[in-house]
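Hi everyone, thanks for making time this morning. I'd like to walk you through one model, so please have a look at the screen.

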Amino acid sequence: MLKKKSILPLTAVLLFGSSLISSCDFNYQYSGSESGGDIIISGGDSVSMTGESINFMVYQPSNQDHQRALQNLIAEFVNETGIQVRLNAVPKDSYDATFRASFRGQYVPDLAYMDQPLIATYASDGEIIAIDDYLNDLDLDLTAFNQAALATNVYEGKTYGLPLNLTASVLFYNKALLSDEDAPSTWEEWLSTEVPAETALFEGVGAGGYAGWYFQAFIENCGGSLYDETTGQVAFNSAEGIEAAQFLKDLYRNDLDSTIRNSSNAFINGDIVYKIGSSYDIDNMRAQNPNLDLGAVVMPSKDGTHHYSVMGGENLVIPTRGKNHDAAMRLMEFLLEEENMKLLGSFTGNFPSITEYQETDDPVKQVIIDQFDELLMRPIVPGWMEVNDLYLGEAIGDILDHEQPRDISEALTWAEAAANQVLARA
């Protein structure tokens, strides 16, 4: 790995437009503003530059302190290597579209974040490179990574990236409505929770992408799966899928629950007992309600044995059309150093994908780490994101719709047919 070097504090005043900003150590050139657009980071007079440059596309941190911390981190890499970096920080909601559009523009990323279930699609299209040959030369112990997170990068026997950080879904509860002793371990305990008057049991799984993402843990708890590797087709239209969907319907309960669930910030305001969420939800909920007494348990299981949860997180990949694969690999290696992984994870509340780097003194966040023992990967097949967001997620949303619910078997049959068409052409 790159050797850590000391770095003088950055003293530049941040300006807008296309101005060039110099400190005693670095030059920052903004195209756009401090909080968006491209930022070119190169060394000042004290840094020996190699003449190399790379483009790095990353999720834009949500506040300016984190944005400056990201810039400072990349400046440290520039200081150590002499490689200029064009940093392109993109809001997460528009990231995938921006990444795809970059292939038609002037600045194709040399290194980029990628959501885990997109790896297979980009690998099959030849848009990201296999990095196996590079891994042989890195001072990096692959066994140190969470193995499920690492496996999200493997497609048809080749490794197309490395996991930067990860998270997992857990079950949050409001301690003002439920004691720690009554927190559920099984589906039966969850469903039979005594709920105070005028309070809803469960916030729900939403619709679309989140509903499809959360559903995997429920169907696997019933002994089913989303995808059959033998047939190459989806497998959620099954007895196990129907059982999982029915349990979710049971959690949704009644008219009162529906009304509360559709109100703004109902869980945070103390009107709902349970909420499924991930590490990035914790700080946000506490910021919105500093008085919220938050509890958490690993996802309850059908029979109290396997507490399955679905993994989330970001991988680092090298686009094939990037101009400098070697330098991109050096930046990837730098970002996977302990302090750097922790910093990048802190922007979203996620944890480093290397197990020994995962630590917290927060008991709620510790539950996220505990959940890493039983993580589920989404199917590593081209087109899965479309299947999840547009078909499985929509079917689950329709099934759970309170006013006009769709028959479970009918909804899953429709989603199965549409999803298999996606997989056939991917």
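Where is Glu-198 found? Glu-198 sits in the loop between helix H6 (187-191) and E11; helices (H or I, at least four residues) and strands (E, at least two) are DSSP runs, numbered from the N terminus.

Before I go on, a word on where this comes from. This is a predicted model, in which local features need pLDDT of at least 70 and side-chain atom pairs count only at pLDDT 80 or more, while totals for chains, interfaces and linings use all residues. Residues are numbered from 1 along each chain as its sequence is written, and side-chain values use heavy atoms, with hydrogens and water left out.

Back to Glu-198. Its phi is near 60°, a positive value in a residue other than glycine. Glu-198 is also exposed, with a relative accessible area of 60%; exposed means over 50%, buried under 20%, and partly exposed in between (1.4 Å probe, protein chains only). Glu-156 also has a positive phi, near 50°. You'll find Glu-156 in the loop between strand E7 (154-155) and strand E8 (158-159), and at 68% relative accessibility it counts as exposed.

Now to the sheet. Four strands make an open sheet in the order E11-E14-E10-E15, with mixed pairing; two strands pair if DSSP finds at least two bridges between them. At the edges are strand E11 (200-202) and strand E15 (294-297), each pairing on one side only. As a reminder, strands of a sheet pair through backbone hydrogen bonds, either parallel or antiparallel. Strand E10 (residues 170-174) and E15 are antiparallel, over 4 bridges, and Asn-174 stands opposite Leu-294 in E15.

Next, the aromatics. Rings of Phe, Tyr and Trp (its six-membered ring) pair if their centres lie within 6.5 Å; planes under 30 degrees apart count as stacked, over 60 as edge-to-face and the rest as tilted. That rule gives 22 aromatic pairs. Take Phe-99 and Phe-103: their ring centres are 5.1 Å apart and their planes are at 70°, so this pair is edge-to-face. Both Phe-99 and Phe-103 are buried. They belong to one aromatic cluster together with Phe-56, Tyr-59, Tyr-95, Tyr-113 and Tyr-122.

Which residue lies over the face of Tyr-107? That's Arg-86, at 3.6 Å from the ring centre. Lys-92 lies over the face of Tyr-280, at 5.7 Å from the ring centre. The rule here is NZ of Lys or CZ of Arg within 6 Å of the ring centre and within 35 degrees of the ring normal.
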